[in-house]
Amino acid sequence: MERMDHDIVILGSGLAGLRAALEASRVSRGRLDIGIVTKVQAMRSHSVAAEGGTAAVLYPDEGDSFESHVWDTVKGSDFLADQDAVELFVRTAPEEIRLLERWGMPWSRRADGRIAQRPFGGHEFPRATFAADKVGFHEMQTLYGALQAFPNVTFHHEWFATAILHEAGTFRGVTAIDLATGNFVVVGAKAGILATGGGGRIYGFTTHGHHSTADGLCMAYRAGLGLKDMEFVQFHPTGLVPSGILITEASRGEGGHLVNANGERFMQRYAPSKLELAPRDVVARSEIMEIQGGRGIEGPDGTACIGLDLRHLGKERILERLPQIREVTMKFLGIDPVDEPIPIRPAAHFTMGGVATDVRGATELRGLWAAGEAGCVSIHGANRLGANSTAVCLVFGRITGAEAAAYVRGWQGNGVPKEQVLAEEARVYDETLRGNGDVNPYDVRDRLQATMDENAYVFRTGESLASALRVVRGLKAEAYRNVADQERSYNTNLLHVLELGSLLDAAEILLMAAHARRESRGAHARLDAPKRDDVNWLRHSLAHRTSEGPSITYAPVRITKHPPVERKY
Ligand SMILES: Cc1cc2nc3c(=O)[nH]c(=O)nc-3n(C[C@H](O)[C@H](O)[C@H](O)COP(=O)(O)OP(=O)(O)OC[C@H]3O[C@@H](n4cnc5c(N)ncnc54)[C@H](O)[C@@H]3O)c2cc1C
């Protein structure tokens, strides 16, 4: 067992984690010892895949306003967002765009040299700031570059965090496996920031990379923290068939059309004023209704799809604004969007729920904050607007970095709770690595994902959710802690089994919360309860761990200016 200490430990090196490290370094003028624990090489974090944009109000002189961004976000959330948090987010986001600019971000430009912005779904004003269709890649490079000025930051690349250590309601550090050596490491820290991203891999058809496995959410859950609004999963309308690779919403922002087998722009039927740029929950449902109505296009693997038609944009615009989309469709399907529509359908894309925090990202554990997709502040409510996630990562990375830095000033720290460390070591090595399971964990993962794809997709029913819950509980009870590879170095087999434990826990919570919520709101569309029900369900769900499994309670939504109204686009 190795032992080390930092002032602040940050779990995750995506946009939220890097931005938090940068802010904690800036406000402490490089005096704090900061460790970043990340299970991949830092720059392979999922954020590099973000494509289309980062929302912020840059041009009030041209008609945009904070009020408009707040309203779009609250309406987009189907009124489940906490409005004080949205206000803070919207007012902070523009400065993040300018700071990134100062650190070297190559934002795309207008002809007059000013930063360009493009339309995105559910936004009344074109406020998605972008760098072609590689916004996450360039934002990550920019933050990583800015961090090089701070020698106080240590990256622990390829360290897999397994548990949060705590004592008397206070954060004490984390445990991790150094994947290169297989060593168990105990990291003591005065403060922590959880920025471990979402849980897209609970599903099989997803835009997420293989490491989005809800580890951070489940670590927090096991440490007794609440997970908020886990029933709300975003299905992105344009997942490439059959791989699920994202075709950015910017392709519709740039003017792309969605068409059915008859060549009709069917969004005219479902969202006559916003068409393809309605929010994602609306577009995803419309696509499925077209497919179920027999108007789908046959996809490359025989699955019924929708066509994303970019042909009318012309080659020049596609090459300038959507080069990655063209590259992806040509490489993965042999389809050139200059000449042919792209086959797409809704794919699991974003975890709206996450670790419950207050408006400044503080969790229920003193000294621990959560930011980015892992945290639920909550801005996105029941449906996130496109381009708001990267912005949230920047804003709440910044806020939590500053909060954590202020908290540790003058704090001596109290060491780590030894019993928790020993219990975690036993869980990882005795129960899992040397466990006596005999079921193939990869089969269990496949069955989990197939069940979720089938029963907890764009449309759900009480019956489909209950049936999925039975399957997931059955899978949890199977002896899947079966690690064939007993090597110490780079034991990805052990890693996958630990990740599977998180996927199963997160799926169980998601299904329980979804089954309990007998209404349709945002991305949670129940065929057996098709209306929003503000009287009974205008509230957040909160899942806590008990000896009998997850227990779901509810908390009020903070409404400051915008009482719920009917949502039309
Ligand atoms: C393909 C795609 C395109 C997108 N495009 C956009 C867009 O254009 N605009 C927008 O606003 N949003 C977009 N999103 C959403 C947005 O990119 C993500 O929500 C956001 O980048 C998440 O960032 P994050 O910092 O919270 O986490 P991530 O970038 O997911 O990083 C998670 C980090 O946690 C670490 N980690 C996880 N578990 C562990 C563990 N057990 N131990 C140690 N480390 C761990 C990982 O190594 C990683 O560093 C897109 C999403 C996808 C899937």
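Student: α1 and α4: is their crossing left-handed or right-handed?
Tutor: The α1/α4 crossing is left-handed (near helix turned anticlockwise from the far one by less than a right angle). This is a predicted model: local features need pLDDT of at least 70, side-chain atom pairs count only at pLDDT 80 or more, and totals for chains, interfaces and linings use all residues. Numbering starts from 1 along each chain as its sequence is written, and side-chain values use heavy atoms, without hydrogens and water.

Student: What's the angle between α1 and α4?
Tutor: About 25 degrees, with the axes 10 Å apart (lines fitted to C-alpha atoms over the stretch in contact; angles run from 0 to 180 degrees between N-to-C directions). That makes α1 roughly parallel to α4 (under 35 degrees).

Student: Which residues meet there?
Tutor: L15, L18, R19, A21 and L22 of α1 touch E139, M140, L143, Y144, A146 and L147 of α4 (heavy atoms within 4.5 Å).

Student: And which α4 residues are buried?
Tutor: V135, G136, E139, M140, T142, L143, A146 and L147 (under 20% relative accessible area, 1.4 Å probe, protein chains only). They sit on the same side of α4, because their arc around the axis is only 165 degrees (from axis-to-C-beta directions).

Student: What covers them?
Tutor: The cover includes α1, β3, α3, β5, β6 and α11 (DSSP runs: helices H or I, at least four residues; strands E, at least two).

Student: New topic. How do α5 and α15 cross?
Tutor: At roughly 75 degrees, with axes coming within 9 Å. So α5 is roughly perpendicular to α15 (65 to 115 degrees). D215, C218, Y221 and R222 of α5 meet E499, S502, D505, A506 and I509 of α15.

Note on methods. Buried < 20%, exposed > 50% of the residue type's maximum accessible area, 1.4 Å probe, protein only. Parallel < 35°, antiparallel > 145°, perpendicular 65-115°, else oblique.
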